[in-house]
Amino acid sequence: MQVEVAGLEATLARVAGRVEAFDSESSEQDWTAAYFDARRAVREAILEHPLLDFDAILFVKRVPTQFPHLSDQYYGWWTRPGGGVFVLEGFKSPDAKTRCLTSDFPTGNFAEPDLDFDGRRVLVAYAKYYPEVAEIQDKVTKSNLPEDAFYQLYEIDLGSGASRRITHGRYDDFDGRYLSDGRIVFLSTRRGTFLQCSAENTAKTLEADLPDSYVRCGGDNRRPVPVFTLHSMDADGRDMKPLSAFETFEYTPSVAADGRILYCRWDYIDRFNGHFFSLWSSNQDGSNAQLVYGNYTKAPQATMEPREVPGSNKILFTGAAHHSITGGSLVLLDRTQGTEGDAPITRLTPEVPFPETEKNIGHYYANPFPLSEDLYLVSWSDCPLPPHSRVMTDDRNPSNAQGIYLLDRLGNLELLY
């Protein structure tokens with residue numbers, strides 16, 4: 001499919017001619033009108049891109065956590081209320097509309113959706129909001145917290161809107177991803193204090209609220225930091241198994257075209273805790289865990305949200321900070337060029353330095369979804385990443401900080417929602 005660009009070229013030529021004729025007497029309104037004429041033409045052209053052969057986008061509105069940190073952002077006790085699961089319909093038209101799939105859920109917080117292979121169902125994590133829960137001084141004693149204040153996985157039927165809860169218990173279960181054999185991979189604090197990770201021990205978490213294991217470098221009873229790692233289960237939440245015996249955290253899994261699970265691992269055992277959020281992969285049963293990129297690379301600090309690029313051997317990820325919510329600069333990884341340092345990575349958004357290891361500036365990217373090596377759906381914020389402290393005010397931790405954009409390899413951003 002070819003896109004006709006003659007109209008775009010003619011419009012841009014007319015706008016350029018108008019601008020060349022502007023002088024000191026030209027008004028701000030003249031400049032604004034010329035700008036929007038050019039932008040409108042560019043928008044119409046990019047929305048005709050052959051890869052945009054769909055009409056709806058599934059997304060989650062998520063109010064950022066009260067406690068910005070790569071780990072704390074996934075605990076139900078730090079949630080802020082608002083948001084939901086939405087479908088943006090007719091996104092290429094002037095009268096695009098949103099449809100909420102979770103209007104019947106109590107006020108809470110939603111995170112990390114995944115669409116099934118048939119486009120009929122969506123997995124999402126949800127925690128009910130209790131304003132008093134964040135103030136509980138002893139969160140280690142699980143009976144002090146309501147069960148539904150923890151993130152649980154739900155499945156929503158996109159046709160009927162019906163939803164069902166899949167996981168239960170006082171554990172945070174989130175980042176559910178459909179697997180090709182019908183099972184679900186997800187992240188969970190069910191890692192616990194078991195000396196041996198096994199299906200038998202994980203099954204015990206279905207019957208009781210057992211103690212968690214915790215981050216090695218801090219936390220207390222008011223701010224515990226439970227370890228979460230990869231698990232799997234059947235479609236009804238049964239037959240839970242640990243996929244990883246790792247002792248610290250794993251993040252943001254996705255499923256590659258060959259079935260491997262891509263994920264970030266915080267590998268700081270016996271070394272400095274600040275860096276080393278590296279990219280790993282494993283088979284769907286947890287076997288063959290191996291490094292993909294960055295186990296000795298200091299910048300970017302965290303290789304979050306990896307997604308394989310369709311029709312390519314490259315991986316798109318977010319170069320994020322350790323001490324904030326997930327966000328930063330977008331990176332394209334070519335593993336054929338190595339597994340460490342700068343050689344295998346291309347900075348797609350070089351105007352945004354890697355946060356924390358380089359510099360935090362007043363905007364960031366997150367949630368990249370590649371359509372090709374040159375075109376991506378992303379979220380973008382014109383706000384700085386929120387600071388690493390408990391903060392809920394909109395001036396320092398905005399509840400609506402990001403929008404959905406189309407980004408191309410040349411750095412052009414087109415607002416979609």
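Because the model is predicted, local features need pLDDT of at least 70 and side-chain atom pairs count only at pLDDT 80 or more, while totals for chains, interfaces and linings use all residues. Residues are numbered from 1 along each chain as its sequence is written, and side-chain values use heavy atoms, with hydrogens and water left out.

The next strand to follow is β14 (residues 277-282), which is largely enclosed by the rest of the structure because 6 of its 6 residues are buried; buried means under 20% relative accessible area, exposed over 50%, and partly exposed in between, with a 1.4 Å probe and protein chains only. Phe 277, Leu 279 and Ser 281 are buried on one side of β14, and Ser 278, Trp 280 and Ser 282 are buried on the other, so that both faces are covered. Strand β13 (residues 261-266) runs antiparallel to β14 and is joined to it by 6 bridges, with Arg 265 opposite Ser 278. Strand β15 (residues 290-293) is also antiparallel to β14, through 3 bridges, and here Trp 280 faces Leu 291.

In the loop between β14 and β15 lies Gln 284, which is buried with a relative accessible area of 18%. Although Gln 284 and Ser 180 are 104 residues apart along the chain, their C-alpha atoms are separated by 9.1 Å. Ser 180 is also among the residues that Gln 284 touches, as are Leu 179, Asp 181 and Ile 261, not counting residues up to four places away in sequence; contact means heavy atoms within 4.5 Å.

Another loop residue, His 322, lies between β17 (315-320) and β18 (328-333) and is buried, with a relative accessible area of 1%. With residues up to four places away in sequence left aside, His 322 touches residues including His 69, Trp 266, Phe 277 and Glu 356.

Finally, the structure holds 2 cavities of 30 Å³ or more. The largest has a volume of about 50 Å³, and its lining includes Gly 328, Pro 353, Lys 359 and Leu 385. The second largest cavity has a volume of about 40 Å³, with Gln 66, Trp 77, Lys 128 and Tyr 130 among its lining residues. A cavity is a set of points, on a 1 Å grid over the protein atoms alone, where a 1.4 Å probe fits but cannot get out, and lining residues have an atom within 4 Å of a point. Grid points are joined across faces, edges and corners, and a volume is the space filled by probe spheres set on the points.

Key:
Helix = DSSP H or I, 4+ residues; strand = E, 2+ residues; numbered from the N terminus. 1 Å grid on protein atoms, 1.4 Å probe; cavity = no way out; pocket = protein on both sides within 12 Å on 5 of 7 lines; lining within 4 Å. Pairing = 2+ DSSP bridges.
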